Amino acid sequence: MLELKNIHKYYNPGTINEMCLFENFNLKIEDGQFVSVVGSNGSGKTSMLNLICGSIPLDSGSVVIDGKDIAKEKEFKRNQYIGRVFQNPAMGTCPSMTIAENMALADNKGKIYGLRLGKNKLRMDYYRENLRQLGLGLEDKMDVKVGVLSGGQRQAMALLMSTMTPIRFLILDEHTAALDPKTADLIMELTDKVVKEKKLTTIMVTHNLRYAVEYGDRLLMLHQGKAVMDCAGKEKESVQIEQILGKFNEISIECGN
Amino acid sequence: MKKRVLAVVLGMSMMAAMLTGCGGKGDSSSASGSGEKTYTIGISQFAEHGSLDNCREGFIEGLKEEGLEEGKNLKIVVNNADADPGTAAQIADGFVNDKVDLICAIATPSAQAAYNAAMETDIPVIYTAVTNPIAAELANDDKSPVGNVSGTSDELPVEAQLKMIREILPDAKTIGILYTTSEANSVYSIEQYEKLAEDYGFTIEKAGITNTSEIQLAATDLLGKVDCLTNLTDNTVVSALPTVLGLANEKGIPVFGSEIEQVRIGCLAAEGIEYTQLGKDTGKMAAKVLKGEAKASEMNYELITESSLYVNEKVAENLGITVPDTMKERAVETFTEITE
Amino acid sequence: MDFLVSVLEQGLIYGIMALGVYITYKILDFPDLSVDGTFPLGAAITAAMIKMGVNPYLTLLIAFAVGLCAGACTGLIHVKFKVRDLLSGIIMMTGLYTVNLYIAGTNNVPLFSSETIFRNEMLKKMFGETVPKWLDIVIILIIVLICKILLDLYMKTQSGYLLRAVGDNDVIVTSLAKDKGNVKILGLAISNGLVALSGCVFAQQSKVFDISMGTGALVIGLASVIIGLSFFKKMSFVKTTTAVIVGSIFYKLCVALALKFAGATATKLITAILFLVILIVSVDRKRKVKVNA
């Protein structure tokens, strides 16, 4: 179980640009939940992910996983049990390394990167099998540099790589936003498949309301650092896009624009 | 395509530059008198530097005085290492590969590179402007050469300098010296001063620095303890000499130099080395070796036979010091103004 | 022939340094100025140890280890104290100048009368009193090959993968639950180890340590890496490490040609023009290949 407790986060504290993002923010995510997070720009979606992953420091509060506060733990240490896919497909792979090398790199996560050969021949078939499931023909391009692949192919690989080793949480940071609609659909389907297969606790930030409604079993709408909408289970299943849009408009009117 | 054309044009212009560069030398070798042997000398100069340039010019002049003239019976190839020991090594290798008759190396790193490259050949190496050939392992402790290598040292005429200071300042007791701890030549010169100072009734007060920025502090401190300053050929200190002179003038303390340039810019006087003369001496050594009259492997390295006195009368006037007339007569050059 | 041999000798010795610069500049994307300090550091430690009577072959390992430490220091300054990359290099370079003088004792240490990896009792026993000149290039070649092969092998290990990843996309290293700072420190250490080793071999070959030998070392290394990589860019069968070493040989060839033909004053200009021609020609070929494809 992942818990955010009494989170406080200010940007530019002490300056004229001081901006309060989270004030006493609380969130609880049960194991196995697939949470879709929506919200306008600046609502704190990505900041929330960054706080969970440790990419930005907390001002106060705690991030608790299974009763253990990890707020002081460094980002790279937290990544032992967190997998993350970024909006930019280039961030999840190494462009100048081959597909096989990238897979091998990801396969070793959580272990020591020592002086053993990076590419384990025995694992190659396993990598190929994994890649085949993407249905993009990458399994035949094992020695091709990832840099020459398309954004969609890279993002598919990034998804595969971040879920290759056992992880507790999958963090998806607008991971379909930079892709064309068709590729985005494909990646989204893959995501759903992986999440279901590996029973991963997932937090997905998205601007695509359709995905937010279609996928996941909980929906969270953030606005100015607060959850203005949070529904799960049956309630979530009945949510329609129109409802969310309505909520969006409501918020905007409140803000005066 | 355009780029390739450009590249070819550049390449061609470079070739042209090479050809004109060699052309001059080619002519000189073909102009040699019939029957007489034409010698080729490779000059490896470590860096572009006033004293070293004077050395080189003096060297060529010295050869000429011995009847070896560029364009007649002598071909000279000059390379400059631009202060990089790696390049100095390549220059030396190049001369050895071209089988020159003699390598002339100017300054310590070039001399060491030349000796190293020529070690297993019969090409003699003649060096100059090497302050301490013994420490550079180019000569044994008894000044005899370690191999087919000999030359001249630009060791400061410390004794002459001390004598001169005593003559100008009969009552002075302490001489201050600023030097850079990293410059082996300076450390060596200091040792010489400390060894000889007592004979002339002086004590030496030294102040070591590591870079230019420390000079102001070190000089101010030193000037409080001494009757006069004397300068070495220390590169760092020399480059900041105007600062030192300014501070010394405020306190009316005379500063003695070590070469002509230092006297020109405001040192009172110097018993210095004439680098052109040093080069000439070296050129004559080289001529002997080329003509077969002597072997580099059998010649001890030489110091300059006589130091040259330089006096700046304007500085003396400012300080209210009278320079004895005998010295004025002896001086190779007397300045009547300070060039800044 | 002799001309080429001496170019090869110099090029190969500096090629070891170029391998080191390749790691920082190309793999880590880190302009590491400490090279100007670690090249003479390797030479200084070698000169000091040889004067103390240490086996010259052992100095190769020690110089590498000392360079490793110096590189790690640059990394620590950069990673732990968050000093900018260029500045951490400058700090190390400046500090090492004094350290080098301290280690060597003076600014110029000749090794003419000392044993080196090229001239020693062991070789004299094997080859007779005058050790043949061709042995120099053989010894250098062996050292360079060992460095190149070990580096190639290392780049294929898990640790090597991580090193390549950190320069490529450091986000992924964090994603892999590894501290990217530590990986950078490791890379800088290996790089400067090689640079110091190069200084060690150079000092023994030229039989002298001189404090001025570090000046501009990084520039030579960078030029070698860039020339090598751009020249062999489209030849995928040439390993980058080989390309870098060949780049270093090209560099020394340019200098040698300029020295041979340009006379005393125009050396640097002619060297620069030669580089430019090499770079333009290699860029041109790249384009042609693309058009054909």
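# Briefing: a predicted model with chains A, B and C

In helix H4 of chain B, the buried residues are B:Thr108, B:Pro109, B:Ser110, B:Ala111, B:Gln112, B:Ala113, B:Ala114, B:Tyr115, B:Asn116, B:Ala117 and B:Ala118. That is 11 of the 11 residues of H4(B), so the helix is largely enclosed by the rest of the structure. The model is predicted.

**The open sheet of chain B**

- Four strands of chain B make up an open sheet, and their pairing is parallel. The order is E7-E6-E8-E9.
- Strands E7 (203-209) and E9 (255-256) of chain B stand at the edges. Each has a single partner strand, so one side of each lacks a neighbour in the sheet.
- Strand E6 (residues 174-180) of chain B runs parallel to E7(B), and 7 bridges join the two.
- B:Leu178 has B:Ala207, in E7(B), as its bridge partner.
- Helix H6 (residues 184-196) of chain B packs on this sheet and touches E6 and E7 of chain B. The direction of H6(B) makes about 165 degrees with that of E6(B).

**Helix pair in chain C**

- Helix H3 (residues 56-80) and helix H4 (residues 85-104) of chain C pack with their axes 9 Å apart. The angle is about 135 degrees.
- H3(C) and H4(C) are therefore oblique to each other. Their crossing is right-handed.
- From H3(C), the contact takes C:Ala70, C:Cys73, C:Thr74, C:Ile77 and C:His78.
- From H4(C), the contact takes C:Asp85, C:Ser88, C:Gly89, C:Ile91, C:Met92 and C:Leu96.
- By class, the residues of this H3(C) and H4(C) contact are 6 nonpolar, 4 polar and 1 charged.

**Where chain C meets chain A**

- Contacts link 19 residues of chain C with 28 residues of chain A.
- On the side of chain C that touches chain A, the elements giving two or more residues are helix H7 (158-168) and helix H8 (170-175) of chain C.
- H7(C) supplies the largest share of that side, 8 residues.
- The side of chain C that touches chain A holds 7 nonpolar, 7 polar and 5 charged residues.

**Loop residues with positive phi**

- A:Asn12 is not a glycine, yet its phi is positive, about 50 degrees. A:Asn12 sits in the loop between strand E1 (2-11) and strand E2 (19-29) of chain A.
- A:Asn12 has 9 other C-beta atoms within 10 Å, so it is exposed.
- B:Ala129 also has a positive phi, about 60 degrees, although it is not a glycine. The loop that holds B:Ala129 lies between strand E4 (125-128) and strand E5 (149-153) of chain B.
- B:Ala129 is buried, because 29 other C-beta atoms lie within 10 Å.

**An exposed loop residue in chain A**

- A:Ile112 belongs to the loop between helix H3 (99-107) and helix H4 (124-132) of chain A.
- A:Ile112 has 10 C-beta neighbours inside 10 Å, so it counts as exposed.
- A:Ile112 and A:Pro166 are 54 residues apart along the chain, and their C-alpha atoms are separated by 15 Å.

Conventions:
Residues are numbered from 1 along each chain as its sequence is written. Chains are lettered from A and ligands numbered from 1 in the order in which they are written. This is a predicted model: local features need pLDDT of at least 70, side-chain atom pairs count only at pLDDT 80 or more; totals for chains, interfaces and linings use all residues. Two residues are in contact if their C-beta atoms, placed from the backbone, lie within 7 Å. Ala, Val, Leu, Ile, Met, Phe, Trp, Tyr, Cys and Pro count as nonpolar, Asp, Glu, Lys and Arg as charged, and the others, Gly among them, as polar. Two strands pair if DSSP finds at least two bridges between them. Axes are lines fitted to C-alpha atoms, for helices over the stretch in contact, and angles run from 0 to 180 degrees between N-to-C directions. A residue is buried if 20 or more other C-beta atoms lie within 10 Å of its own, exposed if 12 or fewer, and partly exposed in between; C-beta atoms are placed from the backbone. Angles under 35 degrees count as roughly parallel, over 145 as roughly antiparallel, 65 to 115 as roughly perpendicular and the rest as oblique. A crossing is left-handed if the near helix is turned anticlockwise from the far one by less than a right angle, and right-handed if clockwise.
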